[in-house]
Each structure stands twice: as C-alpha cells, then as structure tokens.
Amino acid sequence: MEIGPIWRAMMRNKTGAILIALQIAVTMAIMVNAISIMQERTRVMSRSTGIDEHNIFHIASIGFAEDFNERVTIEEDLAALRGMPGVVNAIQSNSLPLSGGGWSMGFQTEPGAEIDGTSAAVYFVDEHGLDTFGLNLLAGENFSQTDIAWRERSATDWPDKTLVTRAMAEALYPDDPDGALGKTIYVIDDDPVTIIGIIEQMQAPWNGWDGVERVVLTPTHTLFGSTRYIIRTEPGMRDEIMPQVEELLAERNKDRIVRSMRSMDETRERSYRADSSMIKMLTFTIVLLVAITALGIVGLASFSVNRRTRQIGTRRALGASKAAILRYFMTENFLISLVGVLVGAGLTVGLNMFMVETFSLTRISWYLVPAAMLILCIVGQIAVFQPARRASSVPPAVATRTV
Amino acid sequence: MFSYYLKLGWLSIRRNPFLSALMIAAIAVGIGASMTTITVNYLMSSNPIPQKSGSLFYVQLDSWDPNDQGDDGFDLIDQLTYLDAMALMKAGKAYRQIASNRSGLVLEPQGEDERPFSVDTRNTWADFFPMFDLRFQYGSGWDGSADRNLEKVVVLSKEINEKVFGGEDSVGRNLRLNGMDFRVVGVLDTFLPVPKFYDITNGAFNDPEEIYIPFNIAVEYELPRNGNTSCWKPTDGDGFEAFLNSECVWIQFWAELRSEQEKQEYMAFLDAYVEQQKELGRFPKPLNNQLSDVMEFMESQEVVEDDAQVMLGLSLMFLAVCLLNTIGLLLAKFLGKSGDIGLRRALGASRSSLFIQHMIESAMIGLGGGIVGLGLAWLGLRGIEMLFGDYIENMVGMDWVMVLTAVGLAIMSALLAGLYPTWRASRIAPASQLKTQ
C-alpha cells in the first residue's frame, strides 16, 4: 500500500485535512450522544403500565349544580356503564397511569411521626378495580364489596385494607417482599392498613417519578365533586363505545358535565410527547449533521481533485492505473476519517461525561463508539467516491497541456 | 471601494455556484438549528414582567416535615399553608401582597341550549391586578373592600369574554359559576406571560387562567382546588375547616417591595412571624425563609428544561460543524483563486485591501446563510410546535431580537470562518503565482 506517500503528501497541505477530521470528530460526538439519549428515551417509553392499555379509556365527570347528589350519580353511572354491551368493566377512580396527576402518600412499616415513610401512588378503586385495569394478582385476594368506603374531599380516615404492587412490597420489606402479604403498614403516621393482596405490576400516574412502580390500591369511592370513570371494553370495541359512553353520561344527569374523554393510547402519547418529540428532533439533527459533513467531504475532495488535475494527469502518463488514482483518493479520505473518528471517540466520551454530570443523563453504551467510528468511515468513503472517480478519469494527456 | 469589493465578492460567489451554495447551505442549516433552540431557550428563560421583576418577591417559608429526608426532590417547599398565607395577608406588611391558587369551576352560559363547560380559574386578591401590571379592556380589578366583604365579583380574560359575551363590554353582567351568580367587574386585555411566573408550581408554561375570583369567596364556599396540594402532617379531624388549619401547602404568595430597605424589613417581619409560630409548636425545621424576585425564583425552580438545554448545546456544536465545513470550503475557494490574487498583488493591491475584500466576500456568504437560516429556524419552530402541540405554543414565536440575533450570528460565524482562509489568501506572494503561469 502507498499509505506512506499519501500521508506525507497530506502533511504538506494539512489544513484541509485537519478541518475535515475535526468536522468528523465533532459530528461523531454529537451523533453518539444523541443516539444514547434516544436509546434512553425509547427504553423509558417502552416500560409497561401494567394495565390493559389498548382497551381502556377514561372520562372526567364534574358536578356543579347545588343539588348535585354525587353518591347516587356515581352508583347509577357505574351500574349503567357496567351494563353496556361491549364494556368489560368500569370503575370510578381518582387517577390512572400516565395521567400526570394523582395522590401520593407515605406508608411505613412501624407507626410514628418521626419515621420517614415510603411514598406510593394511591388509586381509589372498588372491587372491580383489578378487572377494569386488567391487573394480575400474585397473592392474596381482591377487595369485597363491603370493604368499599365513601370518602369526602377533606376526610382523613383511611380504609383498613389495601392491595400493593410487588415493587411496593419490595420497598417496604426489602428482606422479605413475599412476606408482605397480611402485614400491617401505617399511613398518616399511625393509621393501620393491612396488605390483603399483592399485584404483579402497575405504574403510578407520574412517568418520570423514580418510584413509578410503587402503587397502592385503596378500597374507596371518592366524593370530591369531580371524578374520573375508567372503562375497559372488549378487544376492538373501544372506539365504538367511547362516543356512546360520552353521550350516555352527558344525557343521564344534567347537574354535571363530562369532559376530557381519552383512550389510554392517547394518554400514553400525551404523556410521552416530550420524549417522542426529543427522539424525532435528535433523529432529524443526526441525519442533517451527517449530510452536512458528507457534503463538506464531497466539496473539499472535488476541489482538491480540480487542483491536482495536472498532477493526476502526470501520474497517469507515468503509468499509474485508473484504479491506483481512485485508491489514492479513497485511502487519503480513509486516513483523514480515521484520525477524525479517533479524536471523535475521545470527544464523545468527554461530552458524555459532561452531560451525565450536568443533566444526569445515562452513560453511553460502549458499543456505540466503535459502531459510530465504522459508520462515519463508511460515510466518508461514500462521499469521496464520486470525486475520486472523476479524478481517476482524468486523461493522461492533461499532463502535456498548459492550463 | 466597498461597492467594488461587493461586486468582486458577488462575481467570485457566482464563479463556483456549487461551492458557494454548499457554504450558504451549511451556514443556513447551522444557523437554523441553533436559532430554533436558542429561541426556545430564550423564551423559556425570558423575563415575563421586565418592568418590575426586581420588586416582585415570591415568599417561601419552611413549614415542612423535619423527618423528610428530601427524597421528594425539593430543598424548600414552594407553597404556603392557609394559616401562614392568611397571617401574611392580614399583617399587610408589604406595599402589595397576594395569596393565590389555581382552581376550576363550571360555567353555565345564559342561553338555554348552551351546555355548561369547565373553566380554569384563579383565586386571588385585589392587589393581583395592579401588582402584575395587568391591563384591562373593560372595567378594572376589584378593590380591597370586595375581598373583605365577600363580594361575588369576577375578572374575565379577553378570551373567555369573547366566548361568553361575544367580546362586548360585559362589566356589570352576571356570570354563573358552580351554581352561584357573580358580577363581572373587569375584562383583561391580552395577558400571556411566558413563563407563567406567578404559578410555577402548576406548570411554568401553562396558559393563564380564564377567570379570576376573590380568594375569600373560594374559601367561604369551599370551591374546588385543582392546583398542587402537598401535606406532611395528619390533619386534626375531618372537614374543610380542619384542612384550612392543617400543614398542607397549596397557596402561592407574592409581595411587592419597592426598595432594598422594604425587602429587608419584610424579611425581618417574616423571620419574626416564623419565630412566633415556632413558639406555638409549628415550623419544626430551622428558620429558612426566602424572598426571591421573579428571575431568582424561576432560576431556583429550574424553569428552563434540561431537554431544551441539551438541544441548545447539541445545536451549537452542530453550528460548529457547519463552520468547520465553511472554513474548509472557503480555504479551498480562496486558494483556488491564487492566480487572481497574485495578479492583483503584483498590480499593487495591498495585503490589507485583499484581506478586506475577502472578508467582505465571507460576510456576503454569511448574510445569505443568515437569511436562509432564518427561514429554516422559522420552519424548525413550526416543527417543534407540531411535535409538542399546545404544550409549547407560547414558546415558538420569534421577535425582532431573535431575527437580528440570527442574522448577526450568521454574519459573525461567516466572518469567523473566513478569517483563516482570508489570512492565507492575503499571504499569497505575487511572484510565485505569476511564475507558474
């Protein structure tokens, strides 16, 4: 190979080469870090909420008239909803996964105000809660109808039974999560609550919370003035039933309004919109960036081919084959790219360390670095191919002409 | 001379259309990407009330749980309890002060066939309107006596007045909210603070509320709250009264203090108040009161989102790549004109005039890139608007500052990129170039 002469020729006029190498290095740093952010967001978005998302939707009901009887309204609404053909089950609840707003309470294994409890999201449900959400009960039993309490907005008493997620059981009893069943935990410092069942998995309403899997179900109907119905339909029936439910609730009782009816799919999309937008913006950035870098390589290579037309002609006249000329430019680009990606690897890691420090992002996976090095070298080769081919077709006769 | 250099620059740009287009495109894309993110960051960190942001102070008192290990992610709780907010209102030690919170009510329109709908409301005090310099389309805010006498008055936003009263002067008209009749006293002019500084807790980039009602009315009639409420201590007993007397925080408190002296006096008042409460057994944590002006408060609440900052950093690096690209291309281009340059030098042009000539050419490319980049930035902002939807709609407008910044940044970048190639070009020795011909 003629790497030696190519390298030495490059060193005689190194500014252009250094500029391209730098450009490749910075491109690589941006690209790898952007991909790493995208990977993290994709992972976050792919976490399961634990509920039967595709067949669930929800709708808010807000009472406003002075003689609005909320308890009767809720009882009748639920009876009507559960009686609808195509509806699997329905409940009234304060919140649901991915909705962004809800209750959290601290729970502790010993009573006492001085103890800092483990916080968990609280969903108020009745005995239909498990079926409506489509949750899997690992151990213990569901609530029964007699467990369900009615709670006013500023009430403070807490029902004495609860279902917790496996993750909550692990947080409360790190040494023996399986033994959580039947244990008594305390809420609001010293109000005892017995764990009667353990749910496999369910998410809290806040997808960015680090305790997102810590959930507690409480057997309660709420009388807060405004509430939310969660409805699970037979597979494939959701879109058909949604308008029917809205109409039914709006017509049944004029002392309230219904609003914000959304499928869980839409709720998911809204909840992760910032993340999915970030992924799209980063993808766009990477594509544009690589394109700019590639075009820069094409521009500079074309230029250097133009400048060296006579030199190429001379080499051809002295017996260099077309392939040798092609190889010359390809090798030259490869050497530049190689320097670029090597510097880029360092830059990438440095930028990542800075971002981990400043924005608490995740560290890049090691394999992204060699993968990006390979990709950028290939992009360089593709970009330089056309100018190099043009160089190789310079006829030897050029050497004999004056410009 | 300047116009001659402009002409030379133009000729030179036209001589290599591909190379020139590539340079303009590179600068345009870099400017477009960075201006898009700069605009978003600029708006996120902009001062929503520049004329008096330095004299408006957010009040924080540390009434929180002594056993909380801080795992809830804050150093100092951002809202006040009802007890404290009312005590501060009653003392009235600041020039102006307001306690306020977010709420939602159901509005029943007058027409028989019109369905009721829900509205976002803010419970606040008379001083809210003069304190935040709100301008009125019709009427005015209510005065302090309405707060004291529990008058059912409302101030409407421009938008809700258009929706309910068709945009006409509705002062004196009746408005039915949650089954109660309120009297309209004022209609605001357009009011869209970005960020919505007076209630960061419930979303720094939310839209302002549609209706303002007296705080005391909301408490008297136990109207629903739909802002953030956080509690750490069990309440004594059931009912609304117990809630009001609890350690739950749900109220934002602002004070207007016109001088450093007023601020210090108010701080002393707060400290004295908390010390007195400590004697009653409240405020178990060490004394930690804070007065932050608008910009300090937004800084402490980290209003500018990490994602926006990450994108800003990445897009500035992107601009750097585009500049490296331009430096390379300009260098190639200028050195390609070595013959011309040598000839001009031989005919008597000085190095400095060649330097100026080529800087002008670089600036022309920068101007072109800036203008195209401005268009790209506009497209980028529309794209962000499409991606994020209503969540971000108040943050994608460009004002004149941004337009000038874009063009300025483009020209600066091009000049910077042109510096080295131009220097190299002006160093070309006349003789060596002429000889090879």
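**Entry 1: the model.** I am working with a predicted model. I kept that in mind for each entry below.

**Entry 2: chain A, make-up.** I looked up the secondary structure first. Chain A comes to 11 helices and 12 strands. I then checked burial. Of its 403 residues, 42% count as buried. I also asked how far apart in sequence its contacting residues sit. Taking contacts with a separation of 6 or more, I find that 82% join residues 24 or more positions apart.

**Entry 3: chain A, overall dimensions.** I looked up the radius of gyration of chain A and got 33 Å. For a compact globule of 403 residues I would expect a value near 22 Å. Along the principal axes, the C-alpha atoms of chain A fill a box of roughly 100 × 50 × 35 Å.

**Entry 4: chain B, make-up.** I repeated the look-up for chain B. I find 15 helices and 11 strands there. Chain B has 437 residues, and buried ones make up 42% of them. For contacts in chain B between residues at least 6 apart in sequence, 79% link residues at least 24 apart.

Entry 5: I then looked up the spacing.

**Entry 6: where A meets B.** How many residues of chain A are in contact with chain B? I get 45 residues of chain A, in contact with 45 residues of chain B. I looked next for the elements of chain A that carry this side. Four of them supply at least two residues each: α2 (14-45), β12 (256-263), α8 (273-307) and α10 (322-359). Which element of chain A gives the most? I find that α8(A) does, with 17 residues.

Entry 7: Last, I sorted the residues by class. The side of chain A that touches chain B has 24 nonpolar residues. Another 13 are polar, and eight are charged.

How values were computed:
Residues numbered from 1 in each chain as written. Chains lettered and ligands numbered in written order. Predicted model: local features only at pLDDT ≥ 70, side-chain atom pairs only at ≥ 80, totals over all residues. Contact = placed C-beta atoms within 7 Å. Helix = DSSP H or I, 4+ residues; strand = E, 2+ residues; numbered from the N terminus. Nonpolar A, V, L, I, M, F, W, Y, C, P; charged D, E, K, R; others polar. Buried ≥ 20, exposed ≤ 12 C-beta atoms within 10 Å, placed from the backbone. Rg over C-alpha atoms; globule rule 2.2 N^0.38 Å.
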